[in-house]
Amino acid sequence: MERLTVLDVVALVMGSAVASIHIRPIGREGFSAPGLILASLAFAWLAATASGPFLYLARRFTGPTERSGIGERLWGLLGVPWLLSAAIRSAGSSRTGGAGDLDSAVLAIGLAAASTIAMLTVWMKWVTANPEAAREVASGPWPNRVGLALAIAWPLQAGLALMVLS
């Protein structure tokens, strides 16, 4: 079993920074205790998802020599729309007072595409595979398992997007 490295933690912190860009407008509203719990859970899930591209790149270019698993690649894919829309939102808010609808469109279209790819990949590589092949897909280092969990829970990405975009 592979351990958590310093670069893994750096990637998780970078994902938290992306999540804070998306959660910041929601955080300006007053929260009740249940609302604060829900916002905290949404932030944690979004931070984990958004750290995928950073983690994938860090592990691909500086990490172990073994190939990344399907879950790790799906984790990176699911995080890209959040990363792109956060970059657009940050750049647009500093210049014009708002990013307009471009960040919303990038997030919605990107999440739809990434979730579809994740769902189809999990279906083909894990659900319809024979038990030995499915066990091999689910094994491996922790990023592969976390990525598979995020890919299986792809509908939560749509819920997060609705929360962020409303």
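A residue counts as buried when its relative accessible area is under 20%, as exposed when that area is over 50%, and as partly exposed in between. The exercises below apply to a predicted model.

**Exercise 1.** Determine where Asp8 and Arg59 lie and how their side chains meet.

*Solution.* 
1. Asp8 belongs to helix 1 (residues 6-27), whereas Arg59 belongs to helix 3 (residues 52-62).
2. Their side chains form a salt bridge, with a distance of 3.2 Å from N to O.
3. The two residues are 51 residues apart in sequence, so the pair ties together separate parts of the chain.
4. Both Asp8 and Arg59 are buried.

**Exercise 2.** Classify Arg59 and Glu72 as buried or exposed, and describe the contact between them.

*Solution.* 
1. Arg59 has a relative accessible area of 6% and is therefore buried.
2. Glu72, at 5% relative accessibility, is buried.
3. The closest N and O atoms of this salt bridge are 3.5 Å apart.
4. The pair links helix 3, which holds Arg59, with helix 4 (residues 70-96), which holds Glu72; the partners are 13 residues apart.

**Exercise 3.** State how many salt bridges the whole structure contains, and identify the network.

*Solution.* 
1. The search finds three salt bridges.
2. One of them joins the side chains of Arg89 and Asp103 at 2.8 Å, N to O.
3. Arg89 is in helix 4 and Asp103 in helix 5, 14 residues apart.
4. Arg89 and Asp103 are both buried.
5. Through shared partners, salt bridges connect Asp8, Arg59 and Glu72 into one network.

**Exercise 4.** Classify Leu120 by its accessibility.

*Solution.* 
1. Leu120 is located in helix 5 (residues 102-127).
2. Its relative accessible area is 45%, so Leu120 is partly exposed.

Terms used. Residues are numbered from 1 along each chain as its sequence is written. This is a predicted model: local features need pLDDT of at least 70, side-chain atom pairs count only at pLDDT 80 or more; totals for chains, interfaces and linings use all residues. Side-chain values use heavy atoms; hydrogens and water are left out. Helices (H or I, at least four residues) and strands (E, at least two) are DSSP runs, numbered from the N terminus. Buried means under 20% relative accessible area, exposed over 50%, partly exposed in between (1.4 Å probe, protein chains only). A salt bridge is a side-chain nitrogen of Lys or Arg within 4 Å of a carboxyl oxygen of Asp or Glu.
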